[in-house]
Amino acid sequence: MTTTAIAGGVCLLVLNVIMQEWWLKKQKTLRIEQFIKLYGPQGHLERKGGTPTMGGVVFLGVALVGCFLAFCFLSSERRFLVEIWSLPFAAGLVGFVDDWLKFSHRSSEGLSSRGKFLAQIAVCLPWSLFVASQNLEFLPGFRPEFFLAAMLLTFASVGFLNAFNVTDGLDGLAAGAAVISFTGLLALGDVEKAVSWAGMTGLVTALGFLWHNAHPAKIFMGDVGAHFFGGLLMSTAIFSGTPILVVPLSFLFLVEITSVILQILAIRGFQRRIFRMSPLHHHFELMGWSETQIVARFWIVHVCGMLATFVLLKFLLFR
């Protein structure tokens, strides 16, 4: 990365911490707080209930500043900005609506499951159609036809938004995993400057949020933040030039969403549970692991899984 990009990243990091502090105080005044789901771990009702949420609103503001800086310094790649940033901003809007409904109704339930799913499709499908029209190479030698590419991208995008969302259940877990994923993206080194800048913006946004979200969390990112990060990681991976990178970069998020899917299938199909509770981090909570132990160990698993998957893909596909 250039000196300009590093300086811009430092500025965005400081801006994020300052804006989050201001938003935190504003939320306490407006009483924008977390309402814990009754069917989650009972300890969360005592420890996390009433904590300010919707910290992801600040992500959108920081990202807008990042986009403006990219527009100023990356004049040759301005056309990529809309392609990269349209999904995270649109997804963040879906999350914001969900969070706002929770706040308005003073409830842990916002959009219905069907309503949220349809809203996710509504923002992911147009983006996927646009990306599919560019005839991207998904795998070495594999360029799917337009319709198939659009369906694959829509399925992956919607799935990834939900994967990031279910991972955001413990203090610092999702934000720290995002830091690791965006660091992995930047470590590639040969991505387009616009993608690198977007990855840097995601990295410093997640890193700055950890200042307030590390255990014990003073604020949660909410659905708006989870959807934003999910969309940004998805779009940067797709436009990295190697779309399959979304698999290693999202290793932990895929593990978490897979645990939810398996639990649902086991209960509905066999009336039995595989885990004490899903997503997977709740299973280990009920086993007696402390929150900080789970978060630190899951970060380690994410790093190791990301590296192992990357090496495996390189061996199988890029020899």
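Modeller: Rings of Phe, Tyr and Trp (its six-membered ring) form a pair if their centres lie within 6.5 Å, and a pair is stacked when the planes are under 30 degrees apart, edge-to-face over 60 and tilted for the rest. This is a predicted model, in which local features need pLDDT of at least 70 and side-chain atom pairs count only at pLDDT 80 or more, while totals for chains, interfaces and linings use all residues. Residues are numbered from 1 along each chain as its sequence is written, and side-chain values use heavy atoms, with hydrogens and water left out.

By the ring rule there are 18 aromatic pairs. In one of them, tryptophan 85 and phenylalanine 89 have ring centres 5.7 Å apart and planes at 40°, so this pair is tilted. Tryptophan 85 and phenylalanine 89 sit four residues apart, about one turn, in helix 4, which covers residues 79-105; helices here are DSSP runs of H or I with at least four residues, and strands are runs of E with at least two, numbered from the N terminus. Tryptophan 85 has a relative accessible area of 4% and therefore is buried, whereas phenylalanine 89, at 22%, counts as partly exposed (buried means under 20%, exposed over 50%, partly exposed in between, with a 1.4 Å probe and protein chains only).

Another pair is made by phenylalanine 284 and phenylalanine 298, with 5.9 Å from centre to centre and 85° between the planes, and this pair is edge-to-face. It links distant parts of the chain, since phenylalanine 284 belongs to helix 12 (residues 280-286) and phenylalanine 298 to helix 13 (residues 291-317), 14 residues apart. Both phenylalanine 284 and phenylalanine 298 are buried.

Ring pairs also join Phe59, Trp85, Phe89, Phe160, Phe164, Phe182, Phe209, Phe228, Phe229 and Phe253 into a cluster. A ring can have a charge over its face as well: arginine 297 lies over tryptophan 289, at 4.6 Å from the ring centre (the rule asks for NZ of Lys or CZ of Arg within 6 Å of the centre and within 35 degrees of the ring normal).

Helix 4, the helix of tryptophan 85 and phenylalanine 89, packs against helix 5 (residues 113-132) at an angle of about 170°, with the axes 10 Å apart. Helix 4 is therefore roughly antiparallel to helix 5. On the side of helix 4 the contact uses Glu83, Ser86, Leu87, Ala90, Ala91, Val94 and Asp98, and on the side of helix 5 the residues include the aromatic Trp127 and Phe130.

Conventions: Axes are lines fitted to C-alpha atoms, for helices over the stretch in contact, and angles run from 0 to 180 degrees between N-to-C directions. Angles under 35 degrees count as roughly parallel, over 145 as roughly antiparallel, 65 to 115 as roughly perpendicular and the rest as oblique. Contact means heavy atoms within 4.5 Å.
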